[in-house]
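Hi,

Here is the structure I promised to pass on. Please have a look, then read my notes below.

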Amino acid sequence: MKSSNIGGQAVLEGIMMKHKDEYAVAVRKPDGEIVVQKETYKSIVKWEQLTKIPFVRGIFNFIDSMVLGIKTLTYSAEFYEEEEEKEELTQAQASKQEKTEKLIMAGTVAFSVVLAVSIFMVLPYLLSSFLRPLIPSYFIRTVIEGFVRIGIFILYILLVSRMEDIQRTFMYHGAEHKCINCIEHGLPLTVENVRVSSRQHKRCGTSFLFFVMAVSIILLVLIRVESPVMRVIVRIALLPVIAGISYEVLKLAGRSENPVVNLLSKPGLAVQRLTTKEPDDSMIEVAIQAVEAVFDWRAYEAENFDTAESI
């Protein structure tokens with residue numbers, strides 16, 4: 001079976017689905033209506049070839065995912081802001097507002113990256129370094145650091161999942177996965193079929209983050225420096241390499257049923273039990289509309305499944 005190459009993300013009371021350069025955001029408004037916006041995404045990378053080079057493309061795809069994710073999340077939140085009277089903007093004012101929004105977007109992405117690096121890369125190293133008097137082995141301390149990193153990640157998910165809005169977002173996340181699994185198993189994209197499909201998927205961003213943490217353990221064990229300052233610098237400098245390798249592993253997992261690949265995917269799939277929840281039918285309806293706006297699932301199933309002729 002060929003991967004559908006559909007990706008997505010849960011947003012506030014909705015779902016974003018992306019296929020190739022097109023993406024669609026489907027949001028259920030407070031009045032119950034489903035609004036679907038479809039657009040073409042332009043990568044931050046002007047030289048398209050960079051997004052196709054193995055072990056390099058993952059870095060830029062990760063940044064693009066962050067940019068698009070924040071953009072679509074902001075769009076979905078607009079439906080739930082308190083209604084205010086909006087003045088008509090002149091062309092100059094509209095242009096200025098667009099530039100301001102782009103600056104805010106860039107600042108948000110930069111802040112998110114710095115915060116993530118601090119919490120998930122630097123903090124685990126600092127915590128594990130306190131064990132040096134008790135555990136002189138650099139190898140053992142680095143492995144412990146990796147498990148501390150995973151522990152912080154899981155603790156973070158458990159804490160945010162207590163928020164009501166996040167719980168509903170995780171339900172939409174489940175609807176996104178169920179739709180993709182429904183299609184990739186040759187079933188017509190209906191509420192009934194989506195409902196019984198799995199909410200776990202090997203190409204999920206949660207699995208990507210887990211691969212990042214696993215790959216970081218391996219590389220940091222192999223690359224050893226003595227200076228504590230250089231150890232922090234190495235951890236930050238290796239992030240693009242770690243992201244590039246993790247992306248390739250994730251792509252392989254998404255198109256392979258090899259037993260070894262499936263085994264490597266199991267920890268990420270297990271963590272997805274925390275980041276996805278069972279959606280209700282109204283959420284599935286939103287997900288289906290997002291998929292159908294950017295992907296011809298009937299043509300995909302006709303090409304990949306014999307049973308598609310009966311759809």
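What is the order of the strands in the open sheet, and is the pairing parallel or antiparallel? The order is β1-β2-β3-β4, and the pairing is antiparallel. The sheet has 4 strands. Keep in mind that this is a predicted model.

Two strands sit at the edges: β1, residues 6-11, and β4, residues 34-40. Each of them pairs on one side only. From one strand to the next, the twist averages 15°.

Now the pairing of β3 with β4. For a landmark, take valine 25: it stands opposite glutamine 37 in β4.

A helix also belongs in this picture. Helix α10, residues 281-294, lies across β1, β2 (14-19), β3 and β4. It runs at about 155° to β3.

Next, the cysteines. How many disulfides does the structure hold? The count is 0. Cysteine 179 is in no disulfide, and its nearest cysteine sulfur, in cysteine 182, is 6.9 Å away. A disulfide needs the two sulfur atoms within 2.5 Å. Cysteine 179 is also buried, at a relative accessible area of 0%.

Over to you.

Best wishes

Key
Residues numbered from 1 in each chain as written. Predicted model: local features only at pLDDT ≥ 70, side-chain atom pairs only at ≥ 80, totals over all residues. Heavy atoms only, no water. Buried < 20%, exposed > 50% of the residue type's maximum accessible area, 1.4 Å probe, protein only. Pairing = 2+ DSSP bridges. Axes fitted to C-alpha atoms, helices over the stretch in contact; angles between N-to-C directions. Contact = heavy atoms within 4.5 Å.
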